[in-house]
Amino acid sequence: MKIKKVFSYMGNKGKFYKEIKEVFEKSKKKKFVDLFAGGLEVPANLYIDVEADIFTNVKDTKMELLIKLNKKDKVFNLFEKAVTEVYQNIPLSSTRNIYNTDKITFEKLKENYLKLIENVNEEEKEVLILLGGVAGKSRSLSSNFYSEQKIKRLKDYLEVLKKLDIKTEFFNEKWQFSDSFIFLDPPYLLETGAEGKKGFNYEGDWTEKDDVRLVNFIKSNLEKNNIFMIFGSLNNNLQHLIKENFPAVKFEIKKYKRSFFGCSSERAEWYCIIK
Ligand SMILES: C[S@@+](CC[C@H](N)C(=O)[O-])C[C@H]1O[C@@H](n2cnc3c(N)ncnc32)[C@H](O)[C@@H]1O
C-alpha cells in the first residue's frame with residue numbers, strides 16, 4: 001500500500017486493502033464509490049493503483065476540516081509549524097523514541113502541544129488533534145506525533161486527497177448510482193471485539209433505523225448494474241438485516257489483531273458482496 005494515513009482512524013479498512021482491491025478489480029467496474037470513506041486510505045490507494053473513477057463521501061468533522069484546509073494547501077504547513085512549536089529546542093527525533101526513552105522530555109512535548117492547540121483557531125485545532133492527538137482524547141499527544149517517515153507519508157497522503165472527489169454529506173437512502181462498485185462501511189452499532197460491546201462513538205448518530213435505510217438503498221440500487229461490498233462487525237444489526245433481505249448472500253469473516261498501548265486483542269469483521 002503506497003499511501004498510508006498518518007493518524008489512527010476507527011474502523012480503518014486499509015488493513016484489508018489488498019482484498020478490497022482484488023474484489024474491485026474482479027468486478028470490472030469503472031467506478032468505485034465509497035459512501036463512508038472515513039480516513040480515506042482505501043480510495044487514496046485505489047486512486048494510485050487502478051484506473052477508475054473514484055467517488056467518496058466523508059461525514060466526520062475532523063476529516064472534513066482536514067479536507068477543507070488541505071484544498072487551500074494549509075495542512076502540511078500547519079503540521080510542520082506544529083512540529084516546530086511542540087519540539088522548540090528539543091532535538092528533533094521521533095516522538096515514539098522520546099516516549100520510549102525519556103518520559104520527562106515527552107511530558108514537555110505534551111505540554112507544548114496542549115499550549116499549541118489552545119493557541120490556534122478552532123478548525124486548525126481539530127486538524128491538529130486528528131494528526132497529532134491520541135484518538136478520542138484531544139488532550140493527549142500521540143507518541144506517533146512526529147517522525148521523518150510521518151512527514152513524508154503526510155505529504156503523499158495530502159497530495160492524493162487533493163485529487164479525490166470527496167463529498168461530505170449525511171447518508172441518504174435516495175442516492176442513486178449505476179454501473180458502480182459501491183463500498184459500504186457504515187458506522188458499526190457493535191464493537192468489533194468478541195464481547196460485542198455497544199457503540200463505536202462516531203458522529204452522526206447512526207442508529208438501527210439507518211441500517212434499515214441502508215438496506216433500502218441497496219435494494220433500490222441493485223437493478224442498476226451495481227455491485228456492493230459491505231463491511232460490519234460480527235452479528236451486528238446490519239448483518240441480520242442483510243441475511244433477512246438477501247438470503248443467498250455469503251459472509252466472509254476477516255480476523256485481525258489490534259494493538260493499543262501494547263495490548264493486543266483479537267478482532268473480527270464480516271464482509272459480503274451483493275450483486
Ligand atoms: C466504519 S467508519 C468508516 C471507516 C472507513 N471505511 C475507513 O477505512 O477509514 C464509518 C464512517 O461513517 C461516518 N458516518 C457516521 N454517521 C454517518 C452518516 N449519517 N452518514 C454518513 N457517514 C456517517 C463516520 O464518521 C465514519 O467515518
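**The ligand and its surroundings**

Author: A polar contact is a pair of N or O atoms within 3.5 Å. Here, a backbone N or O atom of Phe-36 lies 3.2 Å from a nitrogen atom of the ligand. A backbone N or O atom of Gly-39 is 2.9 Å from an oxygen atom of the ligand, and a polar backbone atom of Lys-13 is 2.7 Å from a ligand oxygen. The protein covers 98% of the 600 Å² of accessible area that the ligand has on its own (Shrake-Rupley method, 1.4 Å probe).

Reader: On what kind of model do these values rest?

Author: The model is predicted; local features need pLDDT of at least 70, side-chain atom pairs count only at pLDDT 80 or more, and totals for chains, interfaces and linings use all residues. Residues are numbered from 1 along each chain as its sequence is written, and side-chain values use heavy atoms, without hydrogens and water.

Reader: How many residues surround the ligand, and which are the closest?

Author: A residue is near a molecule if one of its heavy atoms lies within 4 Å of it. The ligand is surrounded by 20 residues, the closest being Tyr-9, Lys-13, Lys-59, Phe-171 and Asp-185.

Reader: What are the dimensions of the protein chain?

Author: Along the principal axes, its C-alpha atoms fill a box of roughly 60 × 40 × 30 Å.

Conventions: Polar contact = N/O pair within 3.5 Å; in protein donor to acceptor, adjacent residues only side chain to side chain.
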